[in-house]
Amino acid sequence: MPNFRRYYIPDAIVFITGVTRKRQHFLRAESDVNLLFETLRNVQLIHPFRLLAYVLLPDHFHWLMRVVSESGNFSEVMQSIKRNFTLNYKHAHHINTTLNIWQPRFWDHVIRNEHDLEKHFDYVHWNPVKHGYVRYPEDWPHSTYAHWLKLGYYGPEWGRGEEPSGIAIMDFE
């Protein structure tokens, strides 16, 4: 088994990718997306964190999060989210047998500087276009793109045409 090393830095922003088991579309139905958001809110009460940006797709998610604790332990947050969403999903769908919704582990990357943050913001918000779900980032409902567009972080033409520069070599799927 590989020896994974995670770096927990208090107040750091961390890019996280979580993938469903065998890329099954557990997050396709609107009710299941709402269930994930409800789970996130409940986990935040126990393990405070803040999502700066996110995108939820049917078989995976990307987000930029900041853990609000001295430990900066985002693994505790992720373990709680994955476990509690699975329990909530089973309850909502009346499943009484074992169910593995998530692939083991998750991908993380501690954001190092402003340029790194910008690239990851763009990667998160371009992802539904990359996967062919929509033509423009603002057309995907489960993303913070519209929020950041409204605040002026993105211009009205961002995401029109080619893939944004700087993210072509990034692949966190």
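Which residue lies over the face of F106, and at what distance from the ring centre? I looked this up to start the notebook, and R6 is the one, at 3.9 Å from the ring centre. The term has cut-offs: a charge sits over a ring if NZ of Lys or CZ of Arg is within 6 Å of the ring centre and within 35 degrees of the ring normal. I then found R160 over the face of Y136, at 3.7 Å from the ring centre.

**Ground rules**

I note that this is a predicted model, in which local features need pLDDT of at least 70 and side-chain atom pairs count only at pLDDT 80 or more, while totals for chains, interfaces and linings use all residues. Residues are numbered from 1 along each chain as its sequence is written, and side-chain values use heavy atoms, with hydrogens and water left out.

**The sheet**

I wanted the strand order next. An open sheet of four strands runs β2-β3-β1-β4, with antiparallel pairing. β2 and β4 (107-110) stand at the edges with a single partner strand each, so one side of each has no neighbour in the sheet. Neighbouring strands here are turned by 15 degrees against each other on average, direction ignored.

For my own reference, helices (H or I, at least four residues) and strands (E, at least two) are DSSP runs, numbered from the N terminus. Two strands pair if DSSP finds at least two bridges between them.

How many bridges join β2 to β3? I read eight, and the two strands run antiparallel.

Is β3 mostly covered or mostly open? I find it mostly covered, as seven of its eight residues are buried. Buried means under 20% relative accessible area, exposed over 50%, and partly exposed in between (1.4 Å probe, protein chains only).

**Helices on the sheet**

Which strands does helix α2 (residues 74-92) lie across? I noted β1 (13-19), β2, β3 and β4, with the helix running at about 135 degrees to β3. Such axes are lines fitted to C-alpha atoms, for helices over the stretch in contact, and angles run from 0 to 180 degrees between N-to-C directions.

I zoomed in on D59, in the loop between β2 (49-57) and β3 (60-67). D59 is buried, with a relative accessible area of 10%. Its side chain makes a polar contact with the side chain of R23, at 3.4 Å. A polar contact is a pair of N or O atoms within 3.5 Å; within protein, one must be able to donate a hydrogen and the other to accept it, and residues adjacent in sequence count only if both atoms are side-chain atoms. Leaving out residues up to four places away in sequence, D59 touches G18, V19, T20, R23, Q24 and H25. Contact means heavy atoms within 4.5 Å.

I9 lies in the segment before β1 and is partly exposed at 43% relative accessibility. Its C-alpha atom is separated by 8.3 Å from that of E70, 61 residues apart along the chain. I9 touches S71, G72 and V110, not counting residues up to four places away in sequence.

D11 also has its place in the segment before β1, and its phi is near 65 degrees, a positive value in a residue other than glycine. K22, in the loop between β1 and α1, has a positive phi too, near 55 degrees. K22 is exposed, with a relative accessible area of 67%.

**Aromatic rings**

How many aromatic pairs does the structure hold? I have 18 written down. In one of them, the rings of Y145 and Y154 have centres 5.0 Å apart and planes at 35 degrees, so the pair is tilted. The rings of Y153 and Y154 have centres 4.8 Å apart and planes at 90 degrees, so this pair is edge-to-face. Rings of Phe, Tyr and Trp (its six-membered ring) pair if their centres lie within 6.5 Å; planes under 30 degrees apart count as stacked, over 60 as edge-to-face and the rest as tilted.

Y145 is buried at 1% relative accessibility, Y154 is buried at 4%, and Y153 is partly exposed at 36%. Last entry: ring pairs link F121, W126, Y145, W148, Y153, Y154 and W158 into a cluster.
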